[in-house]
Amino acid sequence: MYAKHCVLCACTSAVIKIDVVVLPTRLTGRFLLLSHNFCSPTTKPYKYTRMSTTLPHFASGEVVKGFGRGSKTLGTPTANLEQCVVDKLPADFKTGIYFGWAQVNDGPVYEQVTSIGWNPYFRNQTKSMETHVIHSFTEDFYGSNLKVILVGYIRDEMDFKGLEELKAAIANDIEVSKQELLRPEFRKYKTDEFFCQNPESLNNGKMNGNA
């Protein structure tokens, strides 16, 4: 399925209510205050940092092989975007877990959760951008073009005490993504013209930037 490597890491055991600040959409230019049921290793709300104006973020590139941990270890396959796409991220782009929309080649547009960073639990040495497309694919798509639009921020990268905590956090991230993408201000990006563009027109199949 995609590059079978996952680093959607974040919190986990007690369920608490917290508020999350996400960036302005490209049309409204205003901050949105979201409220989620979030897992946390403590009973205190996790402190989120307001990011600079980097969302929505558009990226396109080839799906490459990662560490192979997604499906085998975590049961959640992810697609790794090639390193040149990661290297083009803005200098002030915050690492962590994002939600948005994704498209493989010229196929349908699906919900997605993307992890950007080093994955503290697995101690990665290279910064990566890994997307879990919320859809059941019948086969791998290494070498395919993947387009993603990141429209909202869920949380920072976090370390975990064990694999089960990480798996629980991943499941929570997916649910948060599904719920938030029902909101009109985020759902509208599913039909963004970005998904209609030919990969070759996006800087030879690689495009990285915000509106």
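How many disulfides does a search of the whole structure find? The search finds 0, a disulfide being a pair of cysteine sulfur atoms within 2.5 Å.

1. Ground rules. This is a predicted model, where local features need pLDDT of at least 70 and side-chain atom pairs count only at pLDDT 80 or more, while totals for chains, interfaces and linings use all residues. Residues are numbered from 1 along each chain as its sequence is written, and side-chain values use heavy atoms, with hydrogens and water left out.

2. Cys84 is partly exposed at 27% relative accessibility, whereas Cys196 is exposed at 69%. For these classes, buried means under 20% relative accessible area, exposed over 50%, and partly exposed in between (1.4 Å probe, protein chains only).

3. Salt bridges overall. The structure holds 6 of them, each defined as a side-chain nitrogen of Lys or Arg within 4 Å of a carboxyl oxygen of Asp or Glu. As background, side chains of opposite charge can pair when their charged atoms come close.

4. A bridge between loops. Lys94 pairs with Asp156, and their closest N and O atoms are 3.3 Å apart. Lys94 sits in the loop between α2 (83-87) and β5 (96-104), and Asp156 in the loop between β8 (145-155) and α3 (163-180), so this pair ties together parts that are 62 residues apart in sequence. Helices (H or I, at least four residues) and strands (E, at least two) are DSSP runs, numbered from the N terminus. Asp156 is buried, with 14% relative accessible area.

5. Glu164 and Lys167 form a salt bridge at 3.8 Å, N to O. Both lie in helix α3, 3 residues apart, about one turn of the helix. An α-helix has 3.6 residues a turn, so residues three or four places apart point the same way. Glu164 is exposed at 59%, and Lys167 is partly exposed at 30%.

6. The helix itself. α3 has 18 residues and spans 26 Å from its first C-alpha to its last, close to the 26 Å expected at 1.5 Å a residue; the expected span is 1.5 Å times one less than the number of residues. Its buried residues include Leu166, Ile170, Ile174 and Val176, as well as the charged Glu165, Asp173 and Glu180.

7. Arg183 and Glu185 meet in a salt bridge of 2.9 Å, N to O. Arg183 is partly exposed at 28%, while Glu185 is buried at 16%. Salt bridges with shared partners join Glu180, Arg183 and Glu185 into one network.
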